[in-house]
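I opened the model today and kept notes as I went. The entries below follow the order in which I looked things up.

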Amino acid sequence: MPPAAPPGRLLGVQPRIHLSIEPLELKLKHPFTISRSSSTLRYNWLVRAKWGDLEGRGEASYTPRYQQEARVVHKALERAVLELDRQERSPANLRERIPALELPSGARMGLSIALADLEAQAAGVPLHALFDLPPPPPV
């Protein structure tokens, strides 16, 4: 798929992609219970990738079960945003740079999905089509 240009281009120059993170508190409809604990809240981060008038979003989480601590994932997201923010003019190019950052999986996925969401919006296709997947079933 050729790189798409965002709306709001000025004089043929694409704006740079702006990345940001913010806390995301999820109130669960039903308690999430495993053998050791139960919770009705999840604390994650919302990753935003803004490009012109478009905004892609992803969710970054941590999983203590997989030796991921909240502070480690949060620091990794902050480092990635500092390193990548406003460096690229293409979501696909920026997404290709993520593996080299050696991020915890939760941080890597939050950034990847935000950029894929942005890339799909710019191309005018649903996110599943970007990955050649079938549409999700109705909810």
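Entry 1, strand β3. This is a predicted model, and I began with β3, residues 54-60. I checked which way its side chains point. Leu54, Gly56, Gly58 and Ala60 point to one face and are buried.

Entry 2, the partner of β3. I looked up how β3 pairs with β2, residues 38-51. The pairing is antiparallel and runs over seven bridges. Next I went to the hairpin of β2 and β3, where two residues sit between the strands. Glycine 52 takes a positive phi near 60° there.

Entry 3, the sheet. I traced the strand order as β1-β2-β3. The sheet is open, has three strands, and pairs antiparallel. The edge strands are β1 (18-33) and β3, each pairing on one side only. Neighbouring strands are turned by 30° against each other on average, direction ignored.

Helix α1, residues 70-84, does, and it touches β1, β2 and β3. Its direction makes about 155° with that of β1. Helix α3, residues 105-123, lies across β1, β2 and β3. I read its angle to β3 as about 155°.

I stayed with helix α3 and picked serine 112, which is in it. Is serine 112 buried or exposed? It counts as buried because its relative accessibility is 17%, and the cut-off for buried is under 20%. I listed its contacts, leaving out residues up to four places away in sequence: serine 112 touches Arg95 and Ile98.

I left pLDDT for the end. The protein chain averages 87, and 90% of the residues score at least 70. Confidence is highest in β3, at 96. It is lowest in helix α2, residues 91-97, at a mean of 90. A reminder to myself: where pLDDT is low, the predicted coordinates should not be read in detail.

Definitions and conventions:
Residues are numbered from 1 along each chain as its sequence is written. This is a predicted model: local features need pLDDT of at least 70, side-chain atom pairs count only at pLDDT 80 or more; totals for chains, interfaces and linings use all residues. Side-chain values use heavy atoms; hydrogens and water are left out. Buried means under 20% relative accessible area, exposed over 50%, partly exposed in between (1.4 Å probe, protein chains only). Helices (H or I, at least four residues) and strands (E, at least two) are DSSP runs, numbered from the N terminus. Two strands pair if DSSP finds at least two bridges between them. Axes are lines fitted to C-alpha atoms, for helices over the stretch in contact, and angles run from 0 to 180 degrees between N-to-C directions. Contact means heavy atoms within 4.5 Å. pLDDT is the predictor's confidence in each residue, from 0 to 100.
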